[in-house]
Amino acid sequence: MSGVKINWKNIGLFAIVGLLILWTGMFQSWNVALAILNMGLISAIMALGVNMQWGYAGLFNVGVMGFVALGGLAVVITSEAPVAEAWSAGGLRVILGLVFAAAVLIGAVFTYRRMRPGRSRALTLTAMLVVGFFVYRWIFDAGVDAVEAVNPAATGFLGGMGLPVILAWPVGGLLAAGAAWAIGKTALGLRSDYLAIATLGISEIVIAVLKNEDWLARGVKNVNGLDRPWPVPYEVDLQQSAGFLSWAQSWGMDPVTASAILVKLIYAGLFIIVLAILMWMSQTALKSPWGRMMRAIRDNETAAEAMGKDVTRRHLQVFILGSAVVGMAGAMMTTLDGLLTPSSYQPLRYTFLIWVMVIVGGSGNNWGSILGGFLIWFLWVQVEPLGHGLMQLITAGMADGSALKAHLLASAAHMRLLTMGVVLLLVLRFSPRGLIPEK
Amino acid sequence: MDFLNAIVALSNFVLIPAVAYGSQLALGALGVTLIYGILRFSNFAHGDTMAFGAMVTILFTWWFQSMGLHLGPLPTALLALPFGILATAAMMLATDRVVYRFYRRVKAKPIVFVMASIGVMFIMNGVVRFIIGPEEQSFADGERFIISARDFRDWSGLDEGLAFRTSQGITIVTAVIVVAALFWFLNNTRTGKSMRAFSDNEDLALLSGINPERVVMITWLIVAALATIAGVLYGLDKSFKPFTYFQLLLPIFASAIVGGLGNPLGAIAGGFVIAFSEVTVTYAWKKVLGYLMPESLEPSGLVQLVSTDYKFAVSFAILVVVLLFKPTGLFKGKAV
């Protein structure tokens, strides 16, 4: 969108998406339209993060879901009130166990670097790790048992730090950045496939940790009723305030709908601010010498290396940045939902859908990612009823109660997988530069 | 006596399951490594190819069962297996024609192939769930055990039983036959040699008149057979559920990379390394240690190093260690 020349095609594309959301508002409901808008904003931020990795640097991250989930975890550990009883029961022991494990690992790395290669180093390292593991389990397990025994139906976890929930957004970014650093350190600098495989692995493991470590975020028991960030009110409070009721009446709206819409609008405002800041930062970065260097590396690694650029280091940098953005979006999403449900994290929804957004929108172009985020999210929400309708139409001629008809109707949900795969392949093949191509 | 009991318990809960699981992983990793060697990309659709092959085999098995066709003590699935392989092979050739051939022609970067394979993974995943549904399916029939725990106890007079399931026996025997046939093919036939030449040095292979499209086609056929066999054996041994096949992707990749991507021998070794680590680390050692240790020292807990929920973390940890210290794998693969 630079300067004098106005790109009518891009403005038109955004206008179409805007109209689609308006259409939803007018013909379905404003609540649904705003829900699509809010998730569209969050999806756009996730797509922006993935685009940093793929579009700027050509890094293939197949573990977006893991970083999103880490953002969700950040909301719990930042904003939930600490469970004092659990802390006194075994909290310190759990933390001590984790610190001890980290110390053992750091010690092992240190030993590995300081000792000369040979049998004595191998033996020392093995002994350190094995003994360290058992000591860690001895400290950690008792603490976990104690924490999880504290009122398991309501808490059974350590709680968080009791800070304002808005802080969870940057914290989510930090958690994701930490995980990205660990992965990047291992897999970058090797073949590009390895990063894909390693990220796939870490995302599965993050989800497994969220599901099984009850002391951390209650596991599959979920954490409900998360705080809302500062300006967002609760619907119930709104419905009891006289000022709001008279305001809703002046618009001729029923208070329940009006309160839901107002809450969503305020969320949308917050998300737009975050998206605008991130967008401004990414555009500036992309135009700066740093951005030109990143693209030069992406287009010809060997040449960039010959010019003295440390390719692996730059890759690590942009991988961490992109993951942090995704983690932040994950925290925003959990805040919007108000609950953390580890079992809801599915690779299709949180990894590959984001990928489709980036590729359809136009990889390498930030505006493209935002467009893709909105457009694909809109389709994702609206296509499912269409799929069911289509199945109904196909099976309309069949006898009621036939096994085939029942099977087809029940399978309509799996059409999403198929559609996403087909869209990905078609765009990759016929329009690899996407709707808004890179300049 | 206690020592014998310990050995029997160890074989029953660790050795036999790990050998069977290792054979399944090895077959899966062989497919991944062959594609990597010839087509030069990591095929993310491999897990779902296994699911597809297993699904077709299951459908044929049900059909045969309904007609009363049986193999006696052996599972009917073995009879259906060739049909599963045929269908998978047709499907693989079709995807190659529709999807991958274009990228070969434009000499796309390997990562684009990987992305395309993810698209294929989705479609296949959707097709499998559409046809057979996302639930668990069981299709094993025939004799359940070669040696059942009770027979073994009666025969040996030990406290511990040793069960050897038919599915485990079939897995091991089939894997040995398949691997022997594959290596014989790669080492002794003209086509096999041209495949190895193509994998080692594409340019030289092309110069010497090897037809690349033919090599690619044969590779897909072999991979279809390997994937279907691996998928069916895994389904017989554990159970068939589409999502678990997607999850198998990680241990399979780990096996192929640990052995060295592109190296068939490495893929087999890698499969067993991963399987043994996964099973030993997630097994509760209380029983075995209880037999071996004096009563006073007997462990009170389960002595399970890592809970089974984290079995994927085991393959991942091994993968990370290998990438850090020996990125070409134990057997010197092609990739760095």
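The model is predicted: local features need pLDDT of at least 70, side-chain atom pairs count only at pLDDT 80 or more, and totals for chains, interfaces and linings use all residues. Residues are numbered from 1 along each chain as its sequence is written, while chains are lettered from A and ligands numbered from 1 in the order in which they are written.

Start where the chains meet. Chain A gives 30 residues to the contact and chain B gives 35. Two residues are in contact if their C-beta atoms, placed from the backbone, lie within 7 Å. On the side of chain A, the elements giving two or more residues are H6 (168-187), H7 (192-212) and H18 (415-430). Helices here are DSSP runs (H or I, at least four residues), numbered from the N terminus. H7(A) gives the most, with 11 residues. By class, this side of chain A has 18 nonpolar, 8 polar and 4 charged residues. Ala, Val, Leu, Ile, Met, Phe, Trp, Tyr, Cys and Pro count as nonpolar; Asp, Glu, Lys and Arg count as charged; the others, Gly among them, count as polar.

Now look within chain A. Its domain assignment gives domain 1 (42-80 + 163-350) and domain 2 (83-158). Such bounds come from an automatic or database domain assignment. The centres of the two domains, taken over C-alpha atoms, are 29 Å apart. Their contact takes 5 residues from domain 1 and 7 residues from domain 2. The domain 1 side has 3 nonpolar, no polar and 2 charged residues.

Two packed helices are described by the angle between their axes and the distance between the axes. Axes are lines fitted to C-alpha atoms, for helices over the stretch in contact, and angles run from 0 to 180 degrees between N-to-C directions.

In chain A, H2 (residues 30-57) packs on H16 (residues 366-395) at about 135°, with the axes 7 Å apart. H2(A) is therefore oblique to H16(A). Angles under 35 degrees count as roughly parallel, over 145 as roughly antiparallel, 65 to 115 as roughly perpendicular and the rest as oblique. Contact residues include Ile36(A) and Leu48(A) of H2(A), and Phe374(A) and Trp377(A) of H16(A). The contact has 10 nonpolar, 7 polar and no charged residues.

In chain B, H2 (residues 46-67) packs on H9 (residues 212-237) at about 70°, with the axes 7 Å apart. H2(B) is therefore roughly perpendicular to H9(B). Among the contact residues are Gly53(B) of H2(B) and Gly231(B) of H9(B). This contact has 6 nonpolar, 7 polar and no charged residues.
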